[in-house]
Structures are given as structure tokens and as C-alpha cells.
Amino acid sequence: MAAINSVADLALHGDVAVLTINSPPVNALSAVVRDGLKRGVEAANADANSKAIVLICAGRTFIAGADISEFGKPPTPPFLPEVLDTIENAAKPVVAAIHGTALGGGFEVALTAHYRIAAPSAKFGLPEVKLGLIPGAGGTQRLPRLIGVEKALDVILSGAPFDAASAKDWGVIDALAEEGKLLDGALAYARRLVDESAPLRKVRALEDKIRAARGKPEIFEAIRKANARKFRGFEAWLKAIEAVKNAVDLPFDEGVAAERRMFMDLLGTTQSKAQRYVFFAERQAAKIPDVPEDTATRPIRSVGVIGAGTMGGGIVMNFLNAGTPATIVETSREALDRGLSIIRKNYENTAKKGRLTQADVEQRMALLSGTLDLGALADKDLIIEAVFEDMAVKKEVFAKLDALAKPGAILASNTSYLNIDEIAATTKRPQDVLGAHFFSPANIMRLLEIVRGEKTAKDVIATAMKVAKKIGKVGVLVGVCRGFVGNRMLAQRQREANKLIIEGATPWDVDRVLYDFGLPMGPFAMSDLAGLDIGWSREKSSSSTIREILCERGRRGQKTGAGFYDYDEQRNARPSALVEEIIAEFAAKKGVNRRVVSDEEILERCLYPMINEGAKILEEGKALRASDIDVVWINGYGWPVYRGGPMFYADTIGLKRVLDKMKAFQAAMGDDFKPAALLERLAESGGAFTGG
Ligand code: 3HC
Ligand code: NAI
């Protein structure tokens with residue numbers, strides 16, 4: 001065994017050279033890995049004793065891609081294209097032996113090998129679009145040559161990994177090894193190639209899979225059309241389509257050169273910077289300075305959920321999906337049956353779309369039991385309360401849980417706004433209590449705000465973070481304050497949106513501006529969807545807000561066919577002249593002189609106070625870092641990932657500008673716009689929230 005460098009070793013197994021890359025955690029293509037690959041293949045190629053070369057990785061995975069942390073820094077040689085040329089131009093067969101995840105540049109390395117063999121559990125993919133990029137090392141040119149334009153674009157545009165069985169089916173890999181015996185399989189395969197004098201098969205030379213699309217721009221146009229909605233606001237995907245079109249229309253080397261140019265251009269865009277920042281931000285969120293990674297966690301083998309309403313039902317599905325048995329508790333048979341049937345219906349709908357089999361549905365439902373007896377939760381490891389948002393009701397539930405839950409059980413509340421410490425204080429075990437704030441629909445939205453109470457034990461936090469990961473959520477640790485991180489900032493936006501429509505903007509103006517910014521919908525469309533009557537009661541209603549007036553007139557949102565908007569049978573929204581009248585009348589009564597409100601003002605009034613609130617949250621230590629706030633907004637509220645979250649966005653426009661605007665608004669409209677001390681400090685010192 002000869003060391004090529006600190007991460008690459010070359011060894012001769014009989015007449016097959018084995019080049020092993022070992023650069024934890026994921027063998028990313030850092031400069032040293034590129035160097036190891038290039039010099040390793042050169043050495044093996046030059047060694048007269050070897051007749052074939054196996055390229056394999058140690059540790060948990062084959063190369064998982066370019067080293068994202070190197071992007072944006074001055075490039076260091078050897079550059080990836082040279083490395084790939086070295087592999088592809090080797091004079092003896094190179095076999096890539098793949099386990100774990102061959103992603104991005106890693107998959108592209110494998111595509112330059114002459115043959116590929118993989119462990120059955122291996123996964124492949126080109127996730128670059130998720131980073132605001134396109135594959136930049138030949139992926140857009142080689143993959144279509146292997147599997148055709150449509151499939152290749154599916155892989156590239158979805159960014160989703162595919163498994164080894166599909167890879168084999170499609171001809172991406174040539175052979176499957178036995179699980180756990182990849183090296184043996186690869187050696188045997190390489191020897192067979194040598195024995196058979198197999199040709200050096202270069203993917204770049206293949207033509208038959210792309211020929212069909214040549215001279216047919218309509219294929220690409222159709223793919224553009226089909227994806228336009230999904231990629232609203234994103235830049236990279238169109239370049240990916242262009243690059244694959246080049247694969248069909250241009251000679252290979254020209255296609256590769258064009259791909260590289262587009263890749264380099266995209267690297268410099270704010271979108272890609274934002275998306276790369278989010279990649280690391282999501283991983284950073286899992287790190288809690290005073291709860292080290294090796295903190296022992298409590299085993300969670302069974303879960304109880306209290307309340308089978310909108311949230312309880314969604315929450316429990318996460319656990320069933322992860323194979324954890326769960327019990328859901330309600331107060332009436334009717335509510336329980338309704339809750340259970342909605343869960344089943346949700347699964348059935350997924351099955352209808354072909355994303356679950358009927359057996360999967362039954363398997364999940366078999367893990368679920370429903371009861372009216374809270375006592376059934378006595379042996380549960382984790383209990384999540386999702387009853388009405390009412391402190392008295394929550395306190396009663398937690399007092400009962402304290403009396404019946406087994407020692408060491410974790411007691412969590414899904415409250416949106418209420419004080420976790422006050423809830424914990426009703427128990428004799430506040431160290432076991434925390435907030436687990438899911439977002440609606442709870443089985444889909446990736447965010448989980450984990451609310452740390454004053455007394456929450458460290459192992460409870462560590463366990464909650466681990467559970468979040470297990471059920472496919474991004475857990476973000478937040479502190480106790482009204483609305484925690486997400487809803488506390490949302491309240492700022494909602495206040496301004498409500499003020500803006502009195503001052504002269506229409507609800508559709510506000511919604512349009514925020515939609516065009518990249519959010520999935522504006523605040524008024526959102527209110528209509530959720531129902532305007534959440535928390536509203538006829539008895540207490542006094543026509544004191546537009547929302548109250550609309551509820552009083554029976555306009556309760558989409559479900560009643562009218563809210564801020566009018567809705568047709570298909571729930572398509574139309575602006576309502578009546579609502580404009582209602583608003584104008586209301587404004588007149590309040591003595592407001594209505595004016596034209598610019599789109600720019602709408603955007604700044606809605607977003608800057610949110611950013612300012614984010615700064616206060618940081619000052620108060622209610623979030624650990626600005627990037628955690630961004631992770632909350634991206635995963636819980638649909639903030640466009642290409643804008644990196646509100647705090648990253650603030651940095652991209654400049655904190656000085658945000659501060660100046662907040663001061664101007666404050667002078668004109670009062671202390672709703674009082675700048676946070678942290679914003680002032682950073683803006684004045686030329687600092688940034690994220691350093692992104
Ligand atoms: N570059 C740098 N660091 C990376 C990395 C990469 N490509 N991929 C993962 N890491 C780091 C993570 O930041 C994390 O670091 P930490 O422990 O300090 O937080 C560590 O590796 C482990 O990562 P995960 O926590 O994500 O581990 P998982 O086991 O859950 O997932 C994975 C592993 C599936 C490989 C996942 O990390 C992943 O999806 N990585 C990104 C893959 C990717 O996007 N590759 C394409 C890059 S762009 C490219 O290749 C351009 C090319 O076309 C030229
Ligand atoms: P919901 O009204 O749909 O469901 C609450 C359910 O709890 C009802 O089915 C009710 O019968 C049941 N319930 C009430 N008291 C109970 C008790 N003592 N024991 C057992 N069951 C009881 O309400 P929703 O929307 O699911 O909200 C639940 C909690 O989740 C609230 O704290 C809310 O603030 C929070 N939340 C709601 C979100 C949303 O978008 N709806 C988002 C995030 C959190």
C-alpha cells in the first residue's frame with residue numbers, strides 16, 4: 001500500500017490497482033482529494049503490474065460531491081476537469097466502486113470511469129440545482145448520453161437521489177455487488193474486464209441515447225413549461241435545461257465547456273450563495289453549544305399525542321411514517337373518529353398518487369391506536385400535547401400528565417404562542433418539559449421549533465433534536481417568548497399588512513408583492529386559507545378590525561366561498577369590490593386619508609420589521625444564531641430558499657439600508673419601527689447578521 005497523499009492510498013491486489021479515497025466525513029472533492037485522485041490514477045496507470053484500476057472510497061460514502069465549503073474561495077489546482085480527464089483517459093479500465101451516496105461531482109467522477117459497480121444500498125444523484133447550480137463536471141453532458149434526455153433532466157431538475165436498482169435498470173451502473181462486499185465485487189468485476197479484454201468504454205463517446213432528441217427543441221420547451229411553476233423565481237434550472245440541450249446539439253467538448261461556464265457564472269450569483277448558505281445553516285442548527293453531540297439521549301420507542309385535530313393528526317403521522325408506534329387521545333368518540341379517519345384519508349390519498357402502497361397504508365395505521373383515556377399514555381416515552389390554544393386547558397392536561405406519565409417521559413407542547421415555563425410549572429418535572437412546535441400541515445412542513453424552557457434538561461433537548469431528525473424534520477432550538485421565533489416575526493408582517501390596507505394598498509397589492517418576492521402566498525390569501533374566524537367569536541366581535549367585519553358578514557375565508565377574496569367553485573380567488581368598499585369605509589371612519597402605496601413600500605414595511613424583530617430575538621438569545629432564524633423561515637413559512645432567509649436577505653441588501661429605512665418609518669409612523677440595538681450596532685460598524 002502506497003500513500004499518494006494524506007487522503008489517497010494505492011494498493012495492488014494481484015493485477016488490479018485499488019485507489020482508495022479516505023477523507024471524512026463524506027469524501028467531498030476538496031483540493032487534497034482531487035490531488036489524490038489525479039496522482040493516484042496516474043500512478044496506477046503508469047504501473048506495469050496493474051491491468052485495471054478500481055476507484056473506491058473508505059468511510060460512509062463514495063464521494064458526495066464538490067466541497068461546498070471551497071466554493072467562493074480562490075480555486076486550487078488540480079481542477080476537477082483535469083482530474084476527470086485523467087480518469088477517463090487512463091489506458092486501462094477504471095472501475096468506480098460505489099457505496100453510500102455518489103452525488104454531484106462525486107457522481108460525475110464515477111461517470112468518467114469506464115465501468116461502474118455499486119452496493120445495492122448506494123444512491124446516486126445530481127443535487128446541484130438545490131445549491132443554485134448546475135452539475136459542473138460533465139454531468140449534464142454524460143448523464144443524457146447514458147440514460148437519455150428526459151430521464152437525465154428528471155434527475156438534474158429534481159436534484160433527488162435514485163437508488164442502485166434504478167441505476168442498474170437505466171444502465172448508469174454495470175453491476176451490483178453484494179452488500180458489504182463491494183471491494184471483492186469490484187475486484188472480481190475488474191478481473192473479468194481484463195480477462196475479456198473489455199474496451200475502455202467512455203460515456204462521452206456514446207451517442208445512441210441522445211440522438212432521438214437532436215433537432216427537437218420542443219422536447220426542451222415542454223420540460224421548461226412543465227417545471228415553470230415549481231421553479232418560480234429560481235435561476236439555475238433553466239441553465240440546466242440549456243446545458244442538456246447542448247449535450248444533444250454540440251460536440252462533447254463544446255458542451256462541457258459551456259456547462260463549465262454556466263456553472264462558474266452561477267457560483268457567483270446571490271441565489272447560489274444563499275442556497276449554499278442554507279445547506280450549512282440547516283446542519284449548523286443541529287449544533288447546540290451547551291448540549292454536546294455526545295449527550296446521552298432518552299430512548300423514544302413509543303409516542304402519545306393529545307388532541308386529534310389539525311395538528312395532532314399531522315404530528316402523529318410523522319411518527320407512524322418513521323415506524324414508531326403511537327397513541328392519540330381525544331375527549332370525545334366523535335372527535336377521535338374524525339381525527340383517525342382524516343389520517344387514514346391522508347394516507348389513502350398519498351397511495352392514490354402512487355407514493356405509498358396499500359400495504360404501507362395499513363402498516364402505518366396498524367401502528368396507531370386511538371383512545372379517550374389519557375391513562376393510556378402512562379408508558380409512553382414521548383408525549384406531545386396538541387389541544388386548544390388555551391393556557392387553562394394546557395395546564396390541566398400537563399397537571400394530569402404529571403400524575404400519570406412514567407418517570408423520564410418527555411412532555412412536549414405544540415403551543416404556537418404560550419409560555420412553556422408556565423406550562424412546565426404545573427408539573428413536578430419541569431426538566432422533562434419543552435415545546436415541540438410543528439408547522440401546518442405537520443406531516444409535511446419540515447420545521448420543528450424546539451422550545452427550551454428555563455428548566456428543560458439537556459438530554460431532553462438532545463433527544464428532541466434526534467427525534468426531529470428521525471422524523472425528517474429540521475429541528476431548530478428556540479427560547480421562550482411569545483410566538484417563539486417564527487410566529488413572533490410573522491406578527492410584525494401581519495401588523496404592517498393590516499395597516500397598509502387601511503392606508504391605501506389593497507389586500508391583493510400586498511399579496512402580489514410578497515408572492516412576487518417568492519413567498520408561496522401573501523398574508524391575506526393565507527388568512528383566507530386558514531379561516532378568518534380562528535380565534536374569532538361572534539359575542540366578542542365589535543367591528544374593530546377588517547377581519548372582524550368580514551367574519552361578522554359571513555366572509556370567513558375559502559371555506560365560506562368568501563373572505564378577503566371571493567372564491568369560485570374551484571377555489572380560485574378573485575379580488576372583491578365589496579371588501580375594497582368595506583376597507584374604504586373603515587378607513588374613513590378612522591379618519592385615515594388614503595393614499596397610493598408603492599410596491600417598494602409594501603415590501604419594506606412587511607419585511608424590515610420582521611428583520612428587526614429577528615435582531616431582537618438574537619439580542620435576547622431566543623435564537624442561537626441568525627442562520628437558525630433563516631432555517632425557521634425557509635422550512636416553516638416557505639421563505640424562498642434562493643433569498644437565504646430574512647437575516648441573510650438583510651445582509652444582501654445591506655444593514656445600513658434596512659436601518660435607514662426603519663428610522664425613516666419610525667420618524668413618520670412611530671415606534672412599531674424602533675430599530676433593534678443589534679441592528680444599529682451592526683449597521684453602523686458595517687457588520688452583518690450571517691457573515692454569509
Ligand atoms: N461539501 C462540504 N461539506 C459537506 C458536503 C460537501 N459536498 N457534504 C456534506 N458535507 C459535510 C456537512 O456539512 C456535515 O458537516 P458537519 O458534520 O460539520 O456538520 C458533514 O459533511 C456530514 O453531512 P450531513 O450531516 O449532511 O450527513 P448525512 O449523512 O445526513 O448526509 C450527504 C450525507 C447525503 C452526503 C449530505 O451531506 C449531502 O447531501 N451533501 C451534499 C451533497 C451535494 O450537494 N453534492 C453536490 C455538491 S455541488 C457539486 O458537486 C458541483 C459539481 O457538479 C462540480
Ligand atoms: P384543533 O382545534 O384542530 O384541535 C385540537 C383538538 O384537541 C380538538 O380535536 C379537541 O377535541 C382536542 N382536545 C381539546 N382538549 C383536549 C383534551 N383535554 N384532551 C384531548 N384532546 C383534547 O386545533 P389545532 O389547530 O390542531 O391546534 C392545536 C395546538 O397546536 C394549539 O396549541 C395550536 O396553537 C397549535 N398549533 C396550531 C397550528 C395550526 O396551524 N393550526 C400550527 C402550530 C401549532
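**Exercise 1. Ligand 1**

Which backbone N or O atom lies 3.0 Å from a nitrogen atom of ligand 1? Then describe the shell around ligand 1.

*Solution.* Start with the ground rules. This is a predicted model, where local features need pLDDT of at least 70, side-chain atom pairs count only at pLDDT 80 or more, and totals for chains, interfaces and linings use all residues. Residues are numbered from 1 along each chain as its sequence is written, chains are lettered from A and ligands numbered from 1 in the order in which they are written, and side-chain values use heavy atoms, with hydrogens and water left out.

Step 1. The atom belongs to Ala64. The pair is a polar contact (N or O atoms within 3.5 Å; within protein, one must be able to donate a hydrogen and the other to accept it, and residues adjacent in sequence count only if both atoms are side-chain atoms).

Step 2. Ala66 places a backbone N or O atom 2.7 Å from a nitrogen atom of ligand 1. For Ile68, a polar backbone atom is 2.9 Å from a nitrogen atom of the ligand.

Step 3. Check the cover. Ligand 1 taken alone exposes 980 Å², and the protein buries 76% of that. Areas come from the Shrake-Rupley method with a 1.4 Å probe.

Step 4. List the shell, using a heavy-atom limit of within 4 Å. It holds 25 residues, and the closest are Arg60, Glu108, Glu128, Arg283 and Lys287. Strand S6 (101-103), helix H3 (105-112) and helix H12 (270-284) each supply at least two residues. H12 gives the most, with 3. Elements are DSSP runs numbered from the N terminus: helices are H or I with at least four residues, strands E with at least two.

**Exercise 2. Helix H16**

Step 1. Buried means under 20% relative accessible area, exposed over 50%, partly exposed in between (1.4 Å probe, protein chains only).

Step 2. Inspect the N-terminal end. Asp390 caps it, with a side-chain oxygen 2.9 Å from the backbone nitrogen of Ala392.

**Exercise 3. Thr456**

Is Thr456 buried or exposed? Name its partners.

*Solution.* Step 1. Thr456 sits in the loop between strand S17 (447-452) and helix H18 (458-470). Its relative accessible area is 7%, so Thr456 is buried.

Step 1. Contact means heavy atoms within 4.5 Å. Not counting residues up to four places away in sequence, Thr456 touches Pro430, Gln431, Val433, Leu434 and Ile461.

Step 2. A polar side-chain atom of Thr456 is 2.9 Å from the backbone oxygen of Val433. The Thr456 side chain also reaches the backbone nitrogen of Gly453 at 2.7 Å.
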